[in-house]
Amino acid sequence: MKNWQEAIKHASKTCYKSKNITLFIIKNEYLSFSWCTEDLNKLLNTMYLPHLYSEADTEEMIYMMQTDLVRKNLPTTKDSMWSEFVAYLKQKMHIVLLLNPSFTAVKTCLVQYPSVAKLCT
């Protein structure tokens, strides 16, 4: 589980730091783990996983984002930082699903989380 979470965390930080569009690729093998399916559903719906960042990560992100927040006349609080961070990820981070429709876990995921199919193009 840690590898999945570390990969998402790294991709989201890199996306913000680089100010570029970032692709995060998920293969159907990950969907055999229920925690990954739940995280995927949350990411597609909100682009936010509350359990992903530790306190140290949060402080690092606030430090990294302070200039942007001040430039936009936003307060440099945790709430405004997360709102800005999530809004940025919604615009610049794209999740690519490489799924085989005959894979049983994919079918299960789509039944349990219909928004996964709805939010995909």
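Student: Which residues are buried in helix H5?
Tutor: In helix H5, which spans residues 104-112, the buried residues are Ala 105, Val 106 and Cys 109, where buried means under 20% relative accessible area, exposed means over 50%, and partly exposed lies in between (1.4 Å probe, protein chains only). Helices here are DSSP runs of H or I with at least four residues, strands are runs of E with at least two, and both are numbered from the N terminus.

Student: What should I keep in mind about the model itself?
Tutor: This is a predicted model, in which local features need pLDDT of at least 70 and side-chain atom pairs count only at pLDDT 80 or more, while totals for chains, interfaces and linings use all residues. Residues are numbered from 1 along each chain as its sequence is written, and side-chain values use heavy atoms, with hydrogens and water left out.

Student: How are two packed helices described?
Tutor: One gives the angle between their axes and the distance between the axes. Here, helix H3 (residues 55-71) and helix H4 (residues 78-92) pack at an angle of about 75°, and their axes are 10 Å apart. H3 is therefore roughly perpendicular to H4, a label for angles of 65 to 115 degrees. The axes are lines fitted to C-alpha atoms, for helices over the stretch in contact, and angles run from 0 to 180 degrees between N-to-C directions.

Student: Which residues of H3 and H4 meet?
Tutor: Among those in H3 are Met 61, Ile 62 and Met 65, and the partners in H4 include Met 81, Trp 82 and Phe 85, with contact meaning heavy atoms within 4.5 Å.

Student: Where is Leu 74, and which residues does Leu 74 touch?
Tutor: Leu 74 belongs to the loop between H3 and H4, and is partly exposed, with a relative accessible area of 32%. Not counting residues up to four places away in sequence, Leu 74 touches Leu 69 and Glu 84.

Student: How many helices and strands does the chain have?
Tutor: The chain has six helices and two strands, and along the sequence they follow the pattern α-β-α-α-α-β-α-α.

Note on methods. Parallel < 35°, antiparallel > 145°, perpendicular 65-115°, else oblique.
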